[in-house]
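Please read them alongside the sequence and the structure shown next.

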Amino acid sequence: MSNNKYKILVVDDEKNILSLISTVLDTSGYQTVTATGCGIAEMLFSSHHPDLVILDLGLPDKDGLTFIEWVRKTSITPVIVLSARNSEADKIAALDLGANDYVTKPFGTGELLARIRAALRAGHTASDGNTQSGDKLVISELVIDYPARSVYLGNREIRFTQTEYNIVAFLAENAGKMMTYSSIIKAVWGESTDPGSIKKLQVNMANIRKKLGLKPGEQSYIVNELNVGYRMRNTR
Amino acid sequence: MNKRSKYLSDALFSLLVMSLAFALNMLIQYIFSIQTLIPMIFVFGVFLISFRTESYLFGFSASLLSVLLVNFAFSFPYFRFDLFTPELLLSAVIMLIISFLTCMVTKKLSVTEKEKAENEKEQLRANLLRAVSHDLRTPLTTIYGSCSAMIENFSSLTEPQLLKLLSEVKQDSEWLMRMVENLLSITKVGTGNVSINKFDVVLEELIDSVILNFNKRYPEQKVSVEIPDEFISIGMDALLIEQVIINLLENAVFHAKGMTKLILRVRVSGKDAVFEVIDNGCGIPKDKLSSIFGGVLSGAETPADGRRNNMGIGLTVCSAIIAAHGGQVFARNSQNGGAVFGFTLKIAEITDEQ
C-alpha cells in the first residue's frame with residue numbers, strides 16, 4: 001500500500017517545524033522521513049531514496065547549500081528549499097546549485113503543498129522525457145509543439161520571435177522549476193550574465209507576456225520572482 | 001569616496017578662508033597701517049574653518065598658519081620670521097592659545113549638533129519600540145490563551161468552538177507576521193546611513209508580484225490595476241517596495257470604511273513613476289492628514305489598548321523605505337470622496353515597445 005506513496009525527506013533543525021510539516025504531509029498522503037541535520041540527512045537520503053527533499057538552509061552541522069551540492073552530484077531528485085532567509089542573493093545561490101524551488105518562512109501550508117506537487121510533476125517530466133505525446137508539451141491551455149517550433153494558446157497560434165520561442169520552450173521544459181536569470185540567459189544566448197543581458201531577457205519577457213495576453217496579478221503561466229528569475233507553472 | 005570629496009572640499013574651504021583673511025589683512029595694513037585688527041581677523045577665520053570642516057586638522061593647521069603669518073608678514077621685521085624677539089614670541093604663543101581654544105570650542109558645538117540629531121533618531125526608535133512591544137502583547141495573548149484553552153478542554157469543546165478559536169489564532173499570527181515584516185524593513189532602512197541594495201526591476205513584474213501576494217492575504221478584495229504600456233524599469237530594493245505597496249493596499253482595506261473600489265495606479269510624470277493607491281472609502285480625517293506618515297513615531301496619541309497601531313507603523317515604514325530610495329510619500333483626499341496614498345520613485349529606463 002505505502003509503496004505508491006511519494007516519500008519526502010524533510011530536513012530542519014526546528015522540532016516544531018518538522019512536526020508541523022510531517023503532519024501536513026501525512027494528511028495529504030505523502031510518506032515522510034525527517035532529519036535534523038546535514039549528516040543524518042545524507043544518510044537517510046542514501047538509504048531511503050526519497051522522491052523529494054524539503055530543506056532548511058540554517059542547519060546546525062553544515063549549511064543546507066552543501067547538502068544541495070551533495071545531492072546534485074548523484075541525483076536529480078527535486079529539492080525545495082524552505083528558509084527564513086529571504087534575500088534575492090540567497091535564493092539565487094540555492095537555485096543555481098540545483099534547488100528546484102524556494103519557499104520562505106513563514107509559509108502557508110497550501111502554498112507548500114502546491115510547490116511540492118509542482119516539483120514532483122517537474123521531476124516526472126524530466127525523467128520520462130516530455131509529457132503527453134513526446135513532441136508536444138501541454139500546460140493547461142498552452143501547447144508547445146517542439147518539432148514545429150510553434151506555440152498555441154487554446155486554438156490560437158502565438159507568433160513568437162526566435163528568441164521569445166527559445167525562452168518559452170526552455171521555461172516549459174523546466175516547468176514547475178524556478179529558473180534563475182543566469183540559467184535562462186545561458187540556455188538561450190549561451191553567454192554569461194551581466195546587467196545588459198538581464199535587461200534583454202526582461203524586455204523579451206515583457207513581449208512574451210503581452211503576446212500571451214497576461215495581465216499583472218492574474219495567476220498565469222509564468223511566475224515572476226523579482227531579481228531572481230521566472231517559473232513556468234505546471235499546475236493550475 | 002564621499003568622505004574623500006568632503007575632505008577635499010574642507011581643505012579648499014580652509015585655504016580660501018585663510019587667503020581671504022590674508023588679503024584682507026594686507027589691505028588693512030596698507031590703508032590704515034595699524035596691526036591691532038590683524039590677529040582678530042585670523043582668529044575669526046579659524047572660527048569659520050572649525051565650524052565648517054569636519055576634522056580637527058583644518059582648524060589646528062589654520063591657527064598655526066595664522067600665527068606664522070602674523071609673525072612673518074604683519075610684524076616688524078616684515079616678511080621675515082622672527083622667533084627670537086621675546087615680545088613677538090609671547091604674542092605668537094597667546095594667539096596660538098586663543099585660536100586653538102576657538103577651534104576646540106567651535107568643534108564641540110558642532111558635535112553637540114550631531115549628537116542632538118542622533119538623540120532624536122534614538123527617540124524615534126524608542127517610541128517605535130514602545131508602540132510595537134505594546135502591540136505585540138495583544139495577539140500573543142490570544143494565541144497563547146486560545147491554544148492553552150484548546151489543549152486543556154479539547155474533548156469538551158464543540159467543533160464550531162474549536163474552529164472559531166483556531167481561526168482567531170490564525171488571524172492574530174498573520175497580524176504578527178506582517179508586524180515582523182515591517183519591523184525587519186525598518187531595521188533595514190531606519191538606521192540612517194545604511195545604503196539599500198538597488199536593482200532595476202520591471203514595473204509590470206513588480207505589480208504582478210504585489211497583486212499575487214496581496215491576493216493571498218485578502219482573496220476577497222479585488223484590486224484594479226492601471227499601469228502604463230511602456231517597458232519601465234525602476235531601481236529599487238524590490239522586497240521593500242513590494243512591502244510599501246502592500247502596506248498601502250492593506251491600509252485601505254482596514255481604514256477606508258465603505259470602500260467598494262480599490263485601484264492601484266502607476267503613471268509617469270517626468271522622470272518619476274508615481275504610484276497611487278486610490279480608494280473610494282471614507283477619506284482621511286483633516287486633522288490627521290499632515291502627520292499620517294509619521295503617526296507612530298511622534299509618540300503621541302497611542303490609545304492604551306489600541307489595536308490597529310500596526311497600520312500607523314505600516315505607514316511609517318512606508319515613508320522610511322521611500323525616503324531611503326530618495327522618493328516622496330504623499331496622502332490626500334480625492335474630490336469625489338475616498339483617499340489617495342502614494343509615492344514617487346525615479347525611473348531608471350523607459351522604452352516604448354515595438
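**Notes on the predicted model**

1. In helix α6 of chain B, the buried residues (20 or more other C-beta atoms within 10 Å of the residue's own, with C-beta atoms placed from the backbone) are Leu203(B), Glu204(B), Glu205(B), Leu206(B), Ile207(B), Asp208(B), Ser209(B), Val210(B), Ile211(B) and Phe214(B). This is a predicted model, in which local features need pLDDT of at least 70 and side-chain atom pairs count only at pLDDT 80 or more, whereas totals for chains, interfaces and linings use all residues. Residues are numbered from 1 along each chain as its sequence is written, and chains are lettered from A in the order in which they are written.

2. The 15 residues of α6(B), residues 203–217, should span 21 Å at 1.5 Å a residue, and the end C-alpha atoms are 22 Å apart, which agrees; the expected span is 1.5 Å times one less than the number of residues. Helices here are DSSP runs (H or I, at least four residues), numbered from the N terminus.

3. Helix α3 of chain B (residues 56–73) has 18 residues and reaches 25 Å from its first C-alpha to its last, close to the expected 26 Å. Its buried residues are Phe58(B), Gly59(B), Ala62(B), Ser63(B), Leu65(B), Ser66(B), Val67(B) and Val70(B).

4. Asp96(A) belongs to helix α4 of chain A, residues 88–96. Asp96(A) is partly exposed, because 13 other C-beta atoms lie within 10 Å, and that class falls between buried and exposed, the latter meaning 12 or fewer. Leaving out residues up to four places away in sequence, Asp96(A) touches Thr180(A), Ser182(A) and Ser183(A), where contact means C-beta atoms, placed from the backbone, within 7 Å.

5. Between the chains, 11 residues of chain A are in contact with 20 residues of chain B. On the side of chain A that touches chain B, helix α8 of chain A (residues 195–212) gives the most, with four residues.

Terms used: Helices (H or I, at least four residues) and strands (E, at least two) are DSSP runs, numbered from the N terminus. Two residues are in contact if their C-beta atoms, placed from the backbone, lie within 7 Å.
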